Amino acid sequence: MEIRHIFFDLDHTLWDFEANSRQALEQLYEQYKIKEMGIESLATFIDIYEAENERSWALYRVGKMTKHDLRYNRFFRAFEQQGITKEQSAELGEEYIRISPHNTHLMPGAIEAVEYLKSKDYILHILTNGFEEVQHIKMDKSGLKPYFDEVITSDQIGVKKPDPIAFHKAKELTGLNTEPIAMIGDHLEADVLGAMNVGWKGIYYNPEKEEVKVDIHHELHHLDDLKGIF
């Protein structure tokens, strides 16, 4: 059977998480006068935060950190050595969560790619480990929402990729049975290998051209490369 249903990851695959996050962090740096707290430059503020955020997400993805801890304590863990208090970091965390989903940077070629797939009558869905309350804002504000039938979050289904249950539940929610399915994402383990483990076609979005040491179905360096697959 021919593939008609395609799932995308959202952050780093269609929605430019890094650009949107940095825009929010720049706003926080100015709004909260972070320089006066002892962090001399915006670049340092961003570097310290991003290192902790990446570490926190890796723990969250494998169930070693709660959503609450990830959201409200990552600023404290990042900046406690610079003297930012828990109260200050909690406020920074709240404001970051409020403003970042409204930023609208997309990965290069994102709209063109989904427009192309829709023109070929593919049915598109989102399967994301992001939080329910912010992923829908991102979809709406960035203009992605009209292209997708279902937006399924780990919060909604109670399990995160690459757990096979996440893919099975996504399939159930979209009413699919034996139809072949493709999954496109930037995270090799969570998106691609997770999908392949349940029999889906795994497509790795790899704009940084990182070395791939396992066998996968397809690799993209630009979203426009989808035209060579579908």
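Trainee: In which loop is the place of K209?

Mentor: K209 sits in the loop between β5 (201–205) and β6 (218–220). Keep in mind that this is a predicted model.

Trainee: Is K209 buried or exposed?

Mentor: K209 counts as exposed because its relative accessibility is 58%, and the cut-off for exposed is over 50%. H12 has a relative accessible area of 35%, so it is partly exposed.

Trainee: Which residues does a cis peptide bond join?

Mentor: The general idea again: most peptide bonds are trans. Here, the bond between K161 and P162 is cis, with omega about 10°. P162 is in the loop between α7 (154–157) and α8 (164–173).

Trainee: With which residue does K161 form a salt bridge at 3.0 Å?

Mentor: With D9; that distance is between the closest N and O atoms. K161 is in the loop between α7 and α8 and D9 in the loop between β1 and α1, so the pair ties together parts 152 residues apart in sequence. Both K161 and D9 are buried. D191 also forms a salt bridge with K161, with the closest N and O atoms 2.6 Å apart. D191 lies in helix α9 (residues 188–196), and the pair links parts of the chain 30 residues apart. D191 counts as buried because its relative accessibility is 2%.

Trainee: How many salt bridges does a search of the whole structure find?

Mentor: The search finds 15. One of them joins D155 to K67, the closest N and O atoms being 2.7 Å apart. D155 lies in helix α7 and K67 in helix α3 (residues 67–79), so this pair ties together parts 88 residues apart in sequence.

Trainee: Why is strand β2 largely enclosed?

Mentor: Read burial along the strand. Five of the six residues of β2 (residues 123–128) are buried, so the rest of the structure largely encloses this strand. Now look at its partners. β1 pairs with β2 in the parallel sense over four bridges. H5 has I123 as its bridge partner in β2. β2 also pairs with β3 (residues 150–153), parallel and over four bridges. There, L127 stands opposite I152.

Notes: Residues are numbered from 1 along each chain as its sequence is written. This is a predicted model: local features need pLDDT of at least 70, side-chain atom pairs count only at pLDDT 80 or more; totals for chains, interfaces and linings use all residues. Side-chain values use heavy atoms; hydrogens and water are left out. Helices (H or I, at least four residues) and strands (E, at least two) are DSSP runs, numbered from the N terminus. Buried means under 20% relative accessible area, exposed over 50%, partly exposed in between (1.4 Å probe, protein chains only). Two strands pair if DSSP finds at least two bridges between them. A salt bridge is a side-chain nitrogen of Lys or Arg within 4 Å of a carboxyl oxygen of Asp or Glu.
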